[in-house]
Amino acid sequence: AYVVVIDDLDGALRYSLGSDTILDTIRVCMEGLPSWIKILVSTCNAKDVGERLPGCQFDKLELYGSHAGKDVMEYVQMELGPLGPAPSVLETLVKRADGNFLYAKKATHLLQEKIDSTLPESLPHLYDVLWKDVSAFPHAHAVLQVLATAREPLPPSMIAAMSDTHDTH
């Protein structure tokens, strides 16, 4: 069997392709899949996703234990150092991360680079801020379109050629 993994499927509810969301398009594609292809998705909002994917089985996994907030705080303090932002900013970052290290890492980067002085409300909002940053690069959209539709991994040299850079790492 082959497994297709889709992370953050609830994020697909926010973007549309004409009148349908990306999630609606995925649902249509799933209907004709052979039985040897399985789809595993992650979502923070199983209720909204479940309404669009009738007949699918949802299992709740507890990813963040009771120490997640403390671990995120230690990580952020280590990354920002003793001269980091005020304690209230750190507490807000940890609260909004809600145990998610991806949010913690990217929000810490925003603070370090002073890309945005306010902390996004959640991971999807953080992606919106980062997308604006990526959009400043002239070839970003073309490269991302090719990566999203590629049927197999692309060699770094091809990605570098598309992005008009010479860095293959």
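V3 is found in strand 1, which spans residues 2–6, strands being DSSP runs of E with at least two residues and helices runs of H or I with at least four, both numbered from the N terminus. The structure is a predicted model, in which local features need pLDDT of at least 70 and side-chain atom pairs count only at pLDDT 80 or more, whereas totals for chains, interfaces and linings use all residues. Residues are numbered from 1 along each chain as its sequence is written, and side-chain values use heavy atoms, with hydrogens and water left out.

V3 is exposed because its relative accessible area is 52%, where exposed means over 50%, buried under 20% and partly exposed in between, with a 1.4 Å probe and protein chains only. In contrast, T108, placed in helix 5 (residues 101–113), counts as buried at 1% relative accessibility. When its neighbours within four places in sequence are left aside, T108 is in contact with Y75, V76, E79, L80 and L93, contact being defined as heavy atoms within 4.5 Å.

F58 lies in the loop between helix 2 (46–52) and helix 3 (68–80) and, at 32% relative accessibility, counts as partly exposed. The C-alpha atoms of F58 and K47 are separated by 9.4 Å, the two residues being 11 apart along the chain.

The mean pLDDT of the chain, pLDDT being the predictor's confidence in each residue from 0 to 100, is 77, and 80% of the residues reach 70 or more. Confidence is lowest in strand 2 (residues 16–17), at a mean of 60, and highest in helix 3, at 88. Where pLDDT is low, predicted coordinates should not be read in detail.
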